[in-house]
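Dear colleague,

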Amino acid sequence: MHLQDHHRLRHGNLKDEERWLQAWAISFFLKKKTELEVISMINNRYTKISFFLVLLFGIGLFYLGTDGFTAFTAETARVQQLKADKPKFPDVTLEDSMGRKYSIAEFEDKYVFITFLYTSCTTVCPELEYNMKQVYDKLPSTVKGEEIVFLSISFDPERDTPAVLNKYKDFFKSDGETWRMARIPNQTELDSLLKAFGVIVIPDDNGTFAHNSAFYLVDKKGSLMDVMDYKKIDEAAQKVVNILENSEEK
Amino acid sequence: MNQSFYGLLLYIFLVTPPVANFMESLMVIHMHMQMPMLVIAGMLMARFFQKRFPRFFEKWNSNGVPGITLFVILMVYWMLPRTMDEALTSTLVEGFKFISLPFLAGISLRDSWKKLNPFGKNSIIISFTVLFIGLGWIYIWSPVQLCNNYLVIEQVTLGWAFLLTAIGMIVYLGYNFFIDPSAYE
């Protein structure tokens with residue numbers, strides 16, 4: 001449109017042809033505008049779509065990464081995995097505080113309540129063993145040694161000789177029979193057990209180890225059946241009592 | 001073009017096994033050096049992708065919101081204690097770390113940050129400050145070991161690094177709020 005036309009339009013002095021031109025011009029500008037609007041709307045729609053895709057991706061990522069929003073630390077994930085897998089106690093040779101050597105077959109047809117420790121440990125292990133003792137004390141004496149055996153396994157075979165274990169067991173008034181303390185002298189065998197049961201042991205510079213702790217319960221056939229929080233003593237004792245009662249009924 | 005090339009060099013340096021193993025051996029370097037540097041490598045490389053596919057970013061990230069959301073999601077994901085552990089024990093997760101941090105988080109941050117308005121930018125920084133204080137608090141005063149592959153002392157170090165970063169961001173926010181740069185020009 002020319003300036004001239006503008007002038008005429010403004011002054012209302014229009015011929016038919018000019019009116020047509022005016023209508024065309026208006027529609028042209030409108031169309032142009034809507035095209036721009038449409039472009040930004042499309043962009044907006046794409047951006048909305050990508051925003052929702054990103055959200056979906058995020059939810060999926062967190063769902064997969066935390067096993068369905070349940071395990072935010074590797075430790076929880078490890079315990080859940082163990083409970084699902086129920087690994088077998090590997091065929092390793094244990095050497096207990098009395099120097100006796102045997103494999104897990106020694107406890108056939110009995111449940112085994114297990115903790116992992118090393119006796120030079122001054123932090124978690126005494127607490128772990130003390131809690132284990134409390135679970136031990138809560139069980140009726142008729143089942144101990146008959147239905148269930150308590151077993152503390154050292155992952156420091158070099159220092160924890162039978163003599164050391166024998167001394168250590170006395171701190172917790174363990175009888176060495178229904179509650180045994182043992183080491184696994186062969187390092188390869190020890191590693192296979194630690195790996196199977198997901199026990200992570202990191203030696204640090206001061207001759208101590210960082211490790212994760214839990215109560216492990218192995219069933220009569222030598223498979224891991226439960227991993228329990230070692231700080232929840234009553235819960236663990238109750239669970240063991242229930243399991244023993246159920247197995248008696250069968 | 002140059003910066004994309006340097007970004008690629010940085011990325012190659014970071015994924016080189018001896019470098020990666022060293023950086024992952026210390027928890028605080030793992031989270032506060034390796035991971036941010038992977039994001040930075042991605043931000044440098046972003047130029048290349050922006051020039052190559054300008055329509056893509058314009059179309060799918062026109063206002064920067066999807067991009068910054070993707071960035072935040074990935075950052076939070078990699079701050080979970082579990083993902084740090086699994087990046088060490090699982091090759092799959094480690095591979096995902098080396099791909100997601102530069103190519104998803106880094107590129108989307110670079111493309112989105114300029115598109116955000118000041119309110120959006122400040123909200124992001126404030127949220128991260130709060131998150132870092134929270135994480136610092138958890139890592140320092142948590143009674144339990146959160147990561148199986150690191151010692152508790154490293155966990156505490158990491159907690160302090162989070163708190164220091166949070167303090168740095170608070171200083172930045174304060175500076176932004178109180179000081180008018182044009183007064184010094």
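**Helix packing in chain B**

In this predicted model, B:Met27, B:Val28, B:Met31 and B:His32 of H3(B) meet B:Glu154, B:Gln155, B:Thr157, B:Leu158 and B:Ala161 of H9(B). Contact requires that the C-beta atoms of two residues, placed from the backbone, lie within 7 Å. Helices are DSSP runs (H or I, at least four residues), numbered from the N terminus. The residues of this contact comprise five nonpolar, three polar and one charged; Ala, Val, Leu, Ile, Met, Phe, Trp, Tyr, Cys and Pro count as nonpolar, Asp, Glu, Lys and Arg as charged, and the others, Gly among them, as polar.

H3 (residues 27–52) and H9 (residues 152–178) of chain B pack at about 30°, with axes 8 Å apart. They are therefore roughly parallel (angles under 35 degrees). Axes are lines fitted to C-alpha atoms over the stretch in contact, and angles run from 0 to 180 degrees between N-to-C directions.

H1 (residues 2–15) of chain B and H3(B) cross at roughly 150°, their axes coming within 7 Å. H1(B) is therefore roughly antiparallel (over 145 degrees) to H3(B).

**Contact between chains**

Chain B and chain A each contribute 24 residues to their contact. On the side of chain B, H5(B) supplies the largest share, six residues. By class, that side has 12 nonpolar, seven polar and five charged residues.

Residues are numbered from 1 along each chain as its sequence is written, and chains are lettered from A and ligands numbered from 1 in the order in which they are written. As the model is predicted, local features need pLDDT of at least 70 and side-chain atom pairs count only at pLDDT 80 or more, whereas totals for chains, interfaces and linings use all residues.

Yours sincerely

Notes: Helix = DSSP H or I, 4+ residues; strand = E, 2+ residues; numbered from the N terminus. Parallel < 35°, antiparallel > 145°, perpendicular 65-115°, else oblique.
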